[in-house]
Amino acid sequence: MCLGIPAQLVAGETGHPDLARVDMGGVTRVINMGLLDDPLGPGDWVLVHMGFALQAMTAAEAQDALDALGAERAAEDREAEDREAEDREAEDREAAGGIR
């Protein structure tokens, strides 16, 4: 499975016509735009995988994807918290005199 991340193009010189600066989750990165047919500019959204823009996106598509990624992250965080709670309970049982 491949994971593409939405990123918004921002202004800024990169020194190469195939490269562009994007804002990806608050971090500015340089990506390769060479796979896209149509020229894009600051404010446009792209789907990025492994540093390459794979396709242009609308702002609504980008927001939907970011919301889905946020929901996935929240689910992973809940699972991690549940595992940590189970580990603490097991440690407490062991400290109290063994596993029951």
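## Met50

Met50 is exposed, with a relative accessible area of 69%. The cut-off for calling a residue exposed is over 50%, so a value of 69% places Met50 in that class. The structure described here is a predicted model.

Where in the chain does Met50 lie? Met50 belongs to the loop that runs between β4, residues 45–49, and β5, residues 52–57. The backbone at Met50 also has a positive phi, about 55°, although this residue is not a glycine.

## A nonpolar surface patch

Met50 is one of the residues of a nonpolar patch on the surface. The patch is formed by Leu35, Met50, Phe52 and Leu54. Together these residues have about 430 Å² of accessible area.

Phe52 and Leu54 carry numbers that fall in the range given for β5, 52–57. Met50, in contrast, sits in the loop between β4 and β5.

## The largest pocket

How much space lies in the largest pocket? The largest pocket holds about 250 Å³ of space. Its lining consists of 18 residues. Pro17, Leu19, Ala20, Met33 and Leu40 are the lining residues that lie nearest the centre of the pocket.

Two or more lining residues come from each of two strands, β1 (5–10) and β2 (19–24). Of the elements, β2 contributes the most to the lining, with three residues.

What kinds of residue make up the lining of the largest pocket? The lining divides into 10 nonpolar residues, four polar residues and four charged residues.

Key: Residues numbered from 1 in each chain as written. Predicted model: local features only at pLDDT ≥ 70, side-chain atom pairs only at ≥ 80, totals over all residues. Heavy atoms only, no water. Patch = residues over 30% accessible without salt bridge, like charges linked within 9 Å, V, L, I, M, F, W, Y side chains within 5 Å. Areas by Shrake-Rupley, 256 points an atom, 1.4 Å probe, with all protein chains shown as cover. Salt bridge = Lys/Arg side-chain N within 4 Å of Asp/Glu carboxyl O. Helix = DSSP H or I, 4+ residues; strand = E, 2+ residues; numbered from the N terminus. 1 Å grid on protein atoms, 1.4 Å probe; cavity = no way out; pocket = protein on both sides within 12 Å on 5 of 7 lines; lining within 4 Å. Points joined across faces, edges and corners; volume = space filled by probe spheres on them. Nonpolar A, V, L, I, M, F, W, Y, C, P; charged D, E, K, R; others polar. Buried < 20%, exposed > 50% of the residue type's maximum accessible area, 1.4 Å probe, protein only.
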